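Hi everyone, thanks for making the time. Let me put the structure up on the screen, and then I'll walk you through some salt bridges, strands and a patch of charge.

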Amino acid sequence: HRSSLQSTAPSATDEYSDFVEVSYGPSGEYGGTAAGNPLCPLKDVKGFYRDLLIDKPTETTVGRDIILDNGKRIDWYQQGVPENGGMWQRNEPGSESKYSNLGSGYVAALVEHKTGQSFSAYSNKFLFDKLSMSRTRWFKKDLPSDTIVAMPLEYSNGAYEEMDIIVSFDYASGQLFSTPNDMAKWGLSMMQLGAPTLWSETTGKSIFSCQERDEEGDPPDDCEFGYNWFFLDNDMQDDVEENDILYPFRERDWTYGGRHSGSESGAQTELVVLPRAGVFIAVIVNTNGIGDEACEVLAANIAKAPIPTTSSGVRGGSLAGDASSDPEFSSFGDETFYVGGN
(Lines give C-alpha, C1' and ligand atoms only; values in the text may rest on other atoms or scores of the structure.)
Protein backbone atom coordinates (compact mmCIF):
# COMPACT_ATOMS: atom_id res chain seq x y z
CA HIS A 1 0.00 0.00 0.00
CA ARG A 2 2.75 2.47 0.83
CA SER A 3 5.08 1.36 -1.94
CA SER A 4 2.26 1.33 -4.48
CA LEU A 5 1.64 5.02 -3.88
CA GLN A 6 5.26 6.03 -4.27
CA SER A 7 6.18 3.76 -7.17
CA THR A 8 5.24 6.30 -9.81
CA ALA A 9 5.83 9.48 -7.84
CA PRO A 10 7.58 12.12 -9.97
CA SER A 11 10.69 13.83 -8.73
CA ALA A 12 10.03 16.50 -6.11
CA THR A 13 12.15 19.14 -4.42
CA ASP A 14 11.82 21.00 -1.16
CA GLU A 15 12.36 24.69 -0.51
CA TYR A 16 16.13 24.15 -0.79
CA SER A 17 15.77 22.38 -4.15
CA ASP A 18 16.83 19.10 -2.55
CA PHE A 19 15.21 15.90 -3.77
CA VAL A 20 12.26 14.73 -1.66
CA GLU A 21 10.61 11.33 -1.77
CA VAL A 22 6.91 12.15 -1.92
CA SER A 23 5.72 8.88 -0.46
CA TYR A 24 3.47 9.29 2.55
CA GLY A 25 5.19 6.22 3.99
CA PRO A 26 7.72 5.66 6.76
CA SER A 27 11.14 7.21 7.17
CA GLY A 28 12.78 3.85 6.48
CA GLU A 29 13.44 2.00 3.24
CA TYR A 30 10.07 2.73 1.63
CA GLY A 31 9.54 6.42 2.15
CA GLY A 32 12.87 8.22 2.16
CA THR A 33 12.45 11.51 4.00
CA ALA A 34 8.78 12.21 3.35
CA ALA A 35 7.28 11.21 6.69
CA GLY A 36 9.68 13.43 8.63
CA ASN A 37 9.40 16.31 6.18
CA PRO A 38 7.45 19.30 7.57
CA LEU A 39 5.89 19.71 4.12
CA CYS A 40 4.21 16.34 4.64
CA PRO A 41 3.14 16.53 8.31
CA LEU A 42 2.42 13.30 10.14
CA LYS A 43 -0.40 14.95 12.08
CA ASP A 44 -2.53 15.69 9.02
CA VAL A 45 -4.10 12.25 8.65
CA LYS A 46 -7.47 13.70 7.64
CA GLY A 47 -5.88 15.88 4.99
CA PHE A 48 -3.99 13.01 3.43
CA TYR A 49 -7.05 10.81 3.03
CA ARG A 50 -9.03 13.72 1.65
CA ASP A 51 -6.30 14.26 -0.95
CA LEU A 52 -6.24 10.56 -1.76
CA LEU A 53 -9.96 10.46 -2.48
CA ILE A 54 -10.36 13.74 -4.38
CA ASP A 55 -8.96 14.20 -7.89
CA LYS A 56 -8.16 17.89 -7.42
CA PRO A 57 -4.38 18.38 -7.15
CA THR A 58 -4.82 22.16 -6.93
CA GLU A 59 -6.58 21.61 -3.61
CA THR A 60 -3.92 19.36 -2.09
CA THR A 61 -3.68 19.82 1.67
CA VAL A 62 -0.75 17.52 2.50
CA GLY A 63 2.60 18.50 1.00
CA ARG A 64 1.03 21.50 -0.73
CA ASP A 65 4.37 23.34 -0.76
CA ILE A 66 6.32 20.55 -2.44
CA ILE A 67 7.03 21.52 -6.06
CA LEU A 68 7.20 18.64 -8.53
CA ASP A 69 9.48 18.61 -11.54
CA ASN A 70 6.50 19.37 -13.75
CA GLY A 71 5.71 22.48 -11.74
CA LYS A 72 2.58 20.98 -10.21
CA ARG A 73 1.66 20.04 -6.67
CA ILE A 74 1.53 16.45 -5.49
CA ASP A 75 -1.50 14.62 -6.86
CA TRP A 76 -2.05 11.83 -4.33
CA TYR A 77 -5.19 10.67 -6.10
CA GLN A 78 -3.39 10.00 -9.37
CA GLN A 79 -0.65 8.11 -7.52
CA GLY A 80 -3.27 5.80 -6.09
CA VAL A 81 -5.04 4.76 -9.29
CA PRO A 82 -4.15 1.36 -10.80
CA GLU A 83 -2.87 2.76 -14.08
CA ASN A 84 -0.11 4.53 -12.16
CA GLY A 85 0.91 1.55 -10.07
CA GLY A 86 -1.43 2.22 -7.15
CA MET A 87 -4.30 0.14 -5.86
CA TRP A 88 -6.84 2.73 -4.68
CA GLN A 89 -9.78 2.68 -7.05
CA ARG A 90 -13.52 3.16 -7.20
CA ASN A 91 -15.43 -0.07 -7.71
CA GLU A 92 -18.92 -1.28 -6.94
CA PRO A 93 -18.96 -3.13 -3.58
CA GLY A 94 -18.20 -6.80 -4.10
CA SER A 95 -16.94 -6.38 -7.67
CA GLU A 96 -13.24 -6.72 -6.85
CA SER A 97 -11.10 -7.65 -3.88
CA LYS A 98 -7.58 -6.42 -3.20
CA TYR A 99 -5.48 -6.55 -0.05
CA SER A 100 -4.73 -3.10 1.30
CA ASN A 101 -4.17 -1.43 4.66
CA LEU A 102 -5.42 1.94 3.43
CA GLY A 103 -8.83 1.36 4.98
CA SER A 104 -7.29 0.98 8.44
CA GLY A 105 -5.61 4.34 8.13
CA TYR A 106 -8.86 5.80 6.85
CA VAL A 107 -10.59 4.68 10.06
CA ALA A 108 -8.13 6.79 12.03
CA ALA A 109 -8.96 9.80 9.86
CA LEU A 110 -12.69 9.25 10.40
CA VAL A 111 -12.22 8.98 14.18
CA GLU A 112 -10.24 12.22 14.24
CA HIS A 113 -12.89 13.95 12.11
CA LYS A 114 -15.73 12.75 14.34
CA THR A 115 -14.14 13.22 17.77
CA GLY A 116 -11.89 16.22 17.23
CA GLN A 117 -8.99 14.44 18.96
CA SER A 118 -6.04 12.47 17.69
CA PHE A 119 -6.53 8.79 16.97
CA SER A 120 -3.62 8.10 19.33
CA ALA A 121 -5.33 9.84 22.27
CA TYR A 122 -8.65 8.22 21.38
CA SER A 123 -7.04 4.74 21.35
CA ASN A 124 -5.38 5.31 24.70
CA LYS A 125 -8.64 6.35 26.37
CA PHE A 126 -11.03 3.82 24.88
CA LEU A 127 -8.79 0.80 24.19
CA PHE A 128 -5.37 0.55 25.81
CA ASP A 129 -6.05 2.25 29.16
CA LYS A 130 -9.30 0.32 29.66
CA LEU A 131 -7.27 -2.91 29.57
CA SER A 132 -4.36 -1.49 31.62
CA MET A 133 -2.11 -1.79 28.56
CA SER A 134 0.19 0.99 29.78
CA ARG A 135 3.06 -0.01 27.47
CA THR A 136 1.05 -0.11 24.26
CA ARG A 137 1.07 3.10 22.22
CA TRP A 138 1.10 4.22 18.59
CA PHE A 139 4.22 6.36 19.10
CA LYS A 140 7.43 5.72 21.01
CA LYS A 141 7.31 9.18 22.60
CA ASP A 142 4.06 8.26 24.38
CA LEU A 143 5.51 5.21 26.17
CA PRO A 144 6.47 5.44 29.87
CA SER A 145 9.92 6.98 30.36
CA ASP A 146 11.38 3.77 31.84
CA THR A 147 10.37 1.65 28.83
CA ILE A 148 13.05 -0.61 27.35
CA VAL A 149 12.52 -0.82 23.60
CA ALA A 150 13.73 -3.72 21.46
CA MET A 151 15.44 -2.00 18.54
CA PRO A 152 14.24 -3.18 15.13
CA LEU A 153 16.78 -5.14 13.11
CA GLU A 154 16.90 -5.38 9.34
CA TYR A 155 18.02 -8.75 7.97
CA SER A 156 20.20 -8.11 4.93
CA ASN A 157 22.95 -10.11 3.21
CA GLY A 158 22.97 -12.74 5.94
CA ALA A 159 23.35 -10.31 8.83
CA TYR A 160 21.18 -8.23 11.15
CA GLU A 161 21.63 -4.48 11.30
CA GLU A 162 20.01 -1.99 13.67
CA MET A 163 17.69 0.45 11.94
CA ASP A 164 15.67 3.51 12.86
CA ILE A 165 12.14 2.96 14.13
CA ILE A 166 9.72 3.55 11.28
CA VAL A 167 7.02 6.19 11.58
CA SER A 168 4.24 5.76 9.04
CA PHE A 169 2.07 8.62 7.91
CA ASP A 170 -0.87 6.21 8.01
CA TYR A 171 0.32 4.90 11.38
CA ALA A 172 -3.03 3.31 12.23
CA SER A 173 -2.47 0.74 9.48
CA GLY A 174 1.15 -0.10 10.03
CA GLN A 175 2.77 0.46 13.41
CA LEU A 176 2.34 -0.10 17.12
CA PHE A 177 4.47 -0.52 20.22
CA SER A 178 3.48 -3.25 22.66
CA THR A 179 4.76 -5.92 25.06
CA PRO A 180 4.00 -9.62 25.60
CA ASN A 181 2.27 -8.70 28.87
CA ASP A 182 0.03 -6.16 27.20
CA MET A 183 -0.74 -8.50 24.32
CA ALA A 184 -1.79 -11.11 26.85
CA LYS A 185 -4.23 -8.62 28.37
CA TRP A 186 -5.61 -7.91 24.90
CA GLY A 187 -5.92 -11.64 24.30
CA LEU A 188 -7.90 -12.19 27.49
CA SER A 189 -10.29 -9.45 26.45
CA MET A 190 -10.72 -11.06 23.02
CA MET A 191 -11.72 -14.31 24.72
CA GLN A 192 -14.85 -12.38 25.69
CA LEU A 193 -14.98 -10.67 22.24
CA GLY A 194 -13.95 -7.46 23.99
CA ALA A 195 -17.28 -7.21 25.79
CA PRO A 196 -18.27 -5.46 27.92
CA THR A 197 -15.01 -3.61 28.69
CA LEU A 198 -14.38 -2.25 25.20
CA TRP A 199 -17.73 -2.52 23.42
CA SER A 200 -20.96 -4.50 23.24
CA GLU A 201 -21.10 -8.22 22.52
CA THR A 202 -22.84 -7.43 19.21
CA THR A 203 -19.91 -5.27 18.15
CA GLY A 204 -17.47 -7.95 19.27
CA LYS A 205 -19.20 -10.58 17.17
CA SER A 206 -19.14 -8.33 14.11
CA ILE A 207 -15.36 -7.89 14.42
CA PHE A 208 -14.84 -11.65 14.14
CA SER A 209 -17.54 -12.29 11.54
CA CYS A 210 -17.38 -12.22 7.75
CA GLN A 211 -17.30 -8.64 6.46
CA GLU A 212 -16.92 -9.35 2.76
CA ARG A 213 -19.89 -8.82 0.45
CA ASP A 214 -20.62 -9.98 -3.07
CA GLU A 215 -22.37 -7.91 -5.74
CA GLU A 216 -25.75 -8.71 -4.18
CA GLY A 217 -24.55 -7.49 -0.79
CA ASP A 218 -24.38 -10.97 0.76
CA PRO A 219 -21.40 -12.72 2.44
CA PRO A 220 -19.62 -14.94 -0.13
CA ASP A 221 -19.32 -18.68 0.44
CA ASP A 222 -15.52 -18.46 0.51
CA CYS A 223 -15.32 -15.48 2.87
CA GLU A 224 -11.79 -14.63 4.05
CA PHE A 225 -11.98 -11.39 6.00
CA GLY A 226 -13.54 -9.98 9.14
CA TYR A 227 -12.55 -6.52 10.39
CA ASN A 228 -8.75 -6.54 10.01
CA TRP A 229 -8.67 -10.31 10.55
CA PHE A 230 -8.51 -13.36 8.40
CA PHE A 231 -11.85 -14.90 9.27
CA LEU A 232 -11.93 -18.39 10.82
CA ASP A 233 -14.84 -20.79 11.33
CA ASN A 234 -15.33 -24.52 11.82
CA ASP A 235 -15.79 -25.17 8.10
CA MET A 236 -12.10 -24.33 7.57
CA GLN A 237 -10.69 -26.96 9.92
CA ASP A 238 -10.40 -29.74 7.32
CA ASP A 239 -8.14 -27.58 5.15
CA VAL A 240 -5.51 -26.95 7.83
CA GLU A 241 -2.13 -28.48 7.06
CA GLU A 242 -0.01 -30.21 9.68
CA ASN A 243 2.62 -27.45 9.82
CA ASP A 244 0.00 -24.73 10.35
CA ILE A 245 -0.25 -22.90 13.66
CA LEU A 246 -3.89 -23.89 13.93
CA TYR A 247 -3.32 -27.62 13.43
CA PRO A 248 -3.19 -28.48 17.18
CA PHE A 249 -6.59 -26.77 17.61
CA ARG A 250 -8.40 -28.19 14.58
CA GLU A 251 -10.88 -30.11 16.74
CA ARG A 252 -11.80 -27.12 18.89
CA ASP A 253 -14.53 -24.55 18.27
CA TRP A 254 -13.39 -21.85 15.81
CA THR A 255 -16.57 -19.78 15.97
CA TYR A 256 -15.69 -16.04 15.98
CA GLY A 257 -12.06 -16.94 15.33
CA GLY A 258 -9.50 -14.77 13.57
CA ARG A 259 -5.82 -14.61 12.69
CA HIS A 260 -3.38 -12.18 11.14
CA SER A 261 0.32 -11.97 10.44
CA GLY A 262 2.34 -9.07 9.17
CA SER A 263 5.78 -7.64 8.73
CA GLU A 264 7.41 -4.28 8.30
CA SER A 265 11.04 -3.23 8.28
CA GLY A 266 12.29 -4.43 11.67
CA ALA A 267 9.16 -6.26 12.81
CA GLN A 268 7.15 -9.44 12.37
CA THR A 269 3.94 -10.47 14.10
CA GLU A 270 1.59 -13.41 14.29
CA LEU A 271 -1.80 -13.34 16.03
CA VAL A 272 -4.43 -16.04 16.54
CA VAL A 273 -7.72 -15.58 18.42
CA LEU A 274 -10.10 -18.50 19.04
CA PRO A 275 -12.51 -17.21 21.71
CA ARG A 276 -14.73 -20.30 21.95
CA ALA A 277 -11.64 -22.52 22.23
CA GLY A 278 -10.00 -20.28 24.84
CA VAL A 279 -6.91 -19.85 22.64
CA PHE A 280 -4.89 -16.70 22.03
CA ILE A 281 -1.40 -16.64 20.49
CA ALA A 282 0.67 -13.51 19.98
CA VAL A 283 4.22 -13.58 18.65
CA ILE A 284 6.24 -10.38 18.24
CA VAL A 285 9.82 -10.31 16.95
CA ASN A 286 12.01 -7.32 16.18
CA THR A 287 13.32 -8.26 12.76
CA ASN A 288 12.16 -9.05 9.26
CA GLY A 289 13.67 -9.90 5.89
CA ILE A 290 13.15 -13.66 6.15
CA GLY A 291 9.46 -13.70 5.35
CA ASP A 292 6.96 -14.53 8.05
CA GLU A 293 8.56 -17.90 8.77
CA ALA A 294 10.19 -16.86 12.04
CA CYS A 295 6.89 -15.92 13.65
CA GLU A 296 5.04 -18.86 12.12
CA VAL A 297 7.56 -21.42 13.36
CA LEU A 298 7.68 -19.89 16.83
CA ALA A 299 3.88 -19.68 17.03
CA ALA A 300 3.54 -23.29 15.87
CA ASN A 301 5.92 -24.46 18.58
CA ILE A 302 4.03 -22.45 21.19
CA ALA A 303 0.80 -24.09 20.05
CA LYS A 304 2.31 -27.58 20.38
CA ALA A 305 4.12 -26.97 23.67
CA PRO A 306 2.81 -28.34 27.00
CA ILE A 307 1.75 -25.08 28.68
CA PRO A 308 1.79 -25.13 32.51
CA THR A 309 -1.63 -25.20 34.17
CA THR A 310 -2.57 -22.54 36.73
CA SER A 311 -4.27 -23.28 40.04
CA SER A 312 -7.61 -22.57 38.34
CA GLY A 313 -6.97 -25.34 35.84
CA VAL A 314 -6.79 -22.98 32.85
CA ARG A 315 -3.83 -23.41 30.51
CA GLY A 316 -1.69 -20.30 30.27
CA GLY A 317 -3.55 -18.06 32.71
CA SER A 318 -6.99 -17.14 33.98
CA LEU A 319 -9.62 -16.20 31.38
CA ALA A 320 -11.41 -13.95 33.83
CA GLY A 321 -10.56 -11.13 36.22
CA ASP A 322 -7.85 -8.48 36.05
CA ALA A 323 -4.97 -9.69 33.89
CA SER A 324 -2.57 -7.27 35.55
CA SER A 325 -3.05 -9.01 38.92
CA ASP A 326 -2.64 -12.55 37.61
CA PRO A 327 0.76 -13.93 38.76
CA GLU A 328 0.91 -16.01 35.59
CA PHE A 329 1.63 -12.87 33.60
CA SER A 330 4.87 -12.09 35.44
CA SER A 331 6.70 -14.52 33.15
CA PHE A 332 5.77 -12.85 29.86
CA GLY A 333 8.02 -9.80 30.12
CA ASP A 334 7.68 -6.04 29.73
CA GLU A 335 10.19 -5.31 27.00
CA THR A 336 8.45 -3.22 24.37
CA PHE A 337 8.51 -4.20 20.72
CA TYR A 338 7.66 -2.21 17.63
CA VAL A 339 4.79 -3.97 15.87
CA GLY A 340 4.55 -3.23 12.15
CA GLY A 341 2.52 -4.31 9.18
CA ASN A 342 -1.01 -3.90 10.53
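Let's begin with R50, which is partly exposed because its relative accessible area is 31%. For the wording, buried is under 20% relative accessible area, exposed is over 50%, and partly exposed is in between, with a 1.4 Å probe and protein chains only. The areas themselves come from the Shrake-Rupley method with a 1.4 Å probe, and for residues only the protein chains shown count as cover. A word on the source: this is a predicted model, where local features need pLDDT of at least 70 and side-chain atom pairs count only at pLDDT 80 or more, while totals for chains, interfaces and linings use all residues. Residues are numbered from 1 along each chain as its sequence is written, and side-chain values use heavy atoms, with hydrogens and water left out.

So, what does R50 meet in a salt bridge? The partner is E59, at 3.1 Å from N to O. By salt bridge I mean a side-chain nitrogen of Lys or Arg within 4 Å of a carboxyl oxygen of Asp or Glu. E59 is also partly exposed, since its relative accessibility is 36%. Searching the whole structure gives 10 salt bridges.

Another one of them links R137 and D129, 3.0 Å from N to O. Here R137 is buried, with a relative accessible area of 10%, whereas D129 is partly exposed at 41%.

Next comes a pair between strands. E270 forms a salt bridge with R259, and their closest N and O atoms are 3.7 Å apart. E270 belongs to strand β10 and R259 to strand β9, so this pair ties together parts that are 11 residues apart in sequence. Both E270 and R259 are buried. Going back to R50 for a moment, salt bridges that share partners join R50, D51 and E59 into one network.

Since I've started naming strands, here is how they are assigned. Helices (H or I, at least four residues) and strands (E, at least two) are DSSP runs, numbered from the N terminus. Two strands pair if DSSP finds at least two bridges between them.

Let's stay with β10, residues 267-274. How many of its residues are buried? The count is 8 of 8, and the strand is mostly covered.

On one side of the story is β9. It runs antiparallel to β10, and 7 bridges join the two. One place to look is H260, whose bridge partner in β10 is L271. The hairpin of β9 and β10 has 2 residues between the strands, and G266 takes a positive phi near 85° there.

Then there is β11, residues 279-285. This strand is also antiparallel to β10, with 7 bridges joining them. L274 stands opposite V279 in β11. In this hairpin there are 4 residues between the strands, and G278 takes a positive phi near 70°.

Back to β9, residues 257-264. Of its 8 residues, 6 are buried, so the strand is largely enclosed by the rest of the structure. E264 is found in β9, and it counts as buried because its relative accessibility is 3%. E264 and Q175 are 89 residues apart in sequence, yet their C-alpha atoms are 8.4 Å apart in space. β9 also takes 3 bridges from strand β8 (residues 230-232), running antiparallel. L232 stands opposite G257 in that pairing.

There is another sheet to show you. It is an open sheet of 3 strands in the order β6-β5-β12, with mixed pairing. Its edge strands are β6 (159-162) and β12 (287-288), each pairing on one side only. Strand β5 (residues 153-156) runs parallel to β12, joined by 2 bridges. L153 has T287 as its bridge partner in β12.

Last stop, the surface. Which residues gather in a patch of negative charge? They are E92, E215, E216 and D218. Patches are made of residues with over 30% relative accessible area and no salt bridge, with like charges joined within 9 Å and nonpolar side chains (Val, Leu, Ile, Met, Phe, Trp, Tyr) within 5 Å. Lys and Arg count as positive and Asp and Glu as negative, with His and the chain ends not counted. E92 is in the loop between α3 (76-80) and α4 (102-115), and E92 is exposed, with a relative accessible area of 62%.

Technical notes. Charge placed at Lys NZ, Arg CZ, Asp CG, Glu CD.
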